[in-house]
Amino acid sequence: MMMHQTMRWYGPHDVVQLADIRQAGCAGVVTALHQIPVGDVWTVEEIEKRKQMIEAAGMTWTVIESLPVSDDIKRQTGNWLQHIENYKISIRNVAACGLKVITYNFMPVLDWLRTDVSYTFPNGSKALYFNRSAFVAFDVYMLKRPGAEKDYSMAEIEKARLYMNTASEDEKEKVFRNCLLGLPGSDDAFTPEQVLAELKKYEGIDTAKLKQHLFYFLEQVIPVAEAAGVVMAIHPDDPPYPVLGLPRIMSSEQDAADLVQAVPSVACGFCFCTGSFGARPDNDLIKMIQRFGDRIHFLHLRNTKMDGEGNFFEANHLEGDADMFAIIKEILLLMKRRHISLPMRPDHGHQMLDDLHKKTYPGYSAIGRLKALAELRGIEYALSRVIA
Ligand code: DNO
């Protein structure tokens, strides 16, 4: 049994079209109704419309990524109770349309974060990159977050100062823009004032509290998901540690274990992102697949290369710090044991060839993901013959 291969599609405005995804060999698509404001209900009508579009292109809408959780829910402020009720209705509506897997995250304010979305390799192709010194410089000297220095060591502050003194104005401007990128699927960047105001709203919410809020949210929605026959898959923090003074609560094996312990239902599971969990040396990905396998509902296969200084770039899918061969083998064993085919998508890809001239969502150009998928599929095919 092979994994169910998908790619993310950002919707009708995506430069990468459904036909492209189908030609890449995907049976399914992962998408969201990005046009619906976070916190509002996804109606059956809107879900059906999108679903039919995908089916007309010869694929299925396999996974929802994401049904976003509002910052009000994450903070338990403002309209949070209403948003939870709306979320429950959305889950029921999603189920009524025959969809089965919902991905979400519980990262405050920002989703993933990179300092560079066009880090150029010697061969001219481009990748996403996280430069720790540039990020500290952004936090302390560009955004000027009050109290930011306290979150870093003297050596890190020194390196950030050096970065400010040596990087070109263009380079600094790029870092500034990248760190303020908005949510996935949105073309709007935050302004520094907006980010500072959003960060302030999280004052007094530490890791323990944010975890409590996550568990409260899940206690509310998981029974609804269970009754509707839907599973929820939380995406890990990316990068997997606190940023901008914000708590992060799904970064490590311990975080995953806490979730499993707090919410006993297997409907409460993971979007196992090897790129996000993998950007932390203390996460043993194979061990995590073995330990949490029953709760893995969706896979993001991606690889990062770390350098010991807190920097990492998105490597070729078979070449970073994660042993992709061993990961795929473990997944195949898991699927065999559970008698299921898990949905996967090649997460991010390098911008290359003709895509270098196109404006795509960072990480989501077609050709790089096609290459990643082809490589992953090759390993899977060979391994599945051996395992069978
Ligand atoms: C980045 C993605 C994330 C992911 C969300 C899930 O490329 O993996 O944006 O979709 O965190 O809610």
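## Cysteines

A search of the whole structure turns up zero disulfides. Cys 26 is in no such bond, and its nearest cysteine sulfur, in Cys 271, is 15 Å away. The model is a predicted one.

Cys 271 has a neighbour of its own to consider. Its closest cysteine sulfur belongs to Cys 273, at 6.1 Å. A disulfide needs the two sulfurs within 2.5 Å, so the separation of 6.1 Å is too far for a bond.

Are these cysteines buried or exposed? Cys 26 counts as buried because its relative accessibility is 5%, under the 20% cut-off. Cys 271 is also buried, at 0%.

Ser 276 sits in helix α11, which covers residues 274–278. With a relative accessibility of 0%, Ser 276 counts as buried.

Which residues touch Ser 276, leaving aside neighbours within four places in sequence? They are His 235, Pro 236, Asp 237, Asp 238, Pro 240 and Arg 302.

## The ligand site

Polar side chains reach the ligand's oxygen atoms. For Ser 66, a polar side-chain atom lies 2.5 Å from a ligand oxygen. For Tyr 364, a side-chain N or O atom is 2.6 Å from a ligand oxygen. For Arg 8, the corresponding distance is 3.0 Å. Taken alone, the ligand exposes 330 Å², and the protein buries 100% of that area.

Terms used: Residues numbered from 1 in each chain as written. Predicted model: local features only at pLDDT ≥ 70, side-chain atom pairs only at ≥ 80, totals over all residues. Heavy atoms only, no water. Buried < 20%, exposed > 50% of the residue type's maximum accessible area, 1.4 Å probe, protein only. Helix = DSSP H or I, 4+ residues; strand = E, 2+ residues; numbered from the N terminus. Contact = heavy atoms within 4.5 Å. Polar contact = N/O pair within 3.5 Å; in protein donor to acceptor, adjacent residues only side chain to side chain. Areas by Shrake-Rupley, 256 points an atom, 1.4 Å probe, with all protein chains shown as cover.
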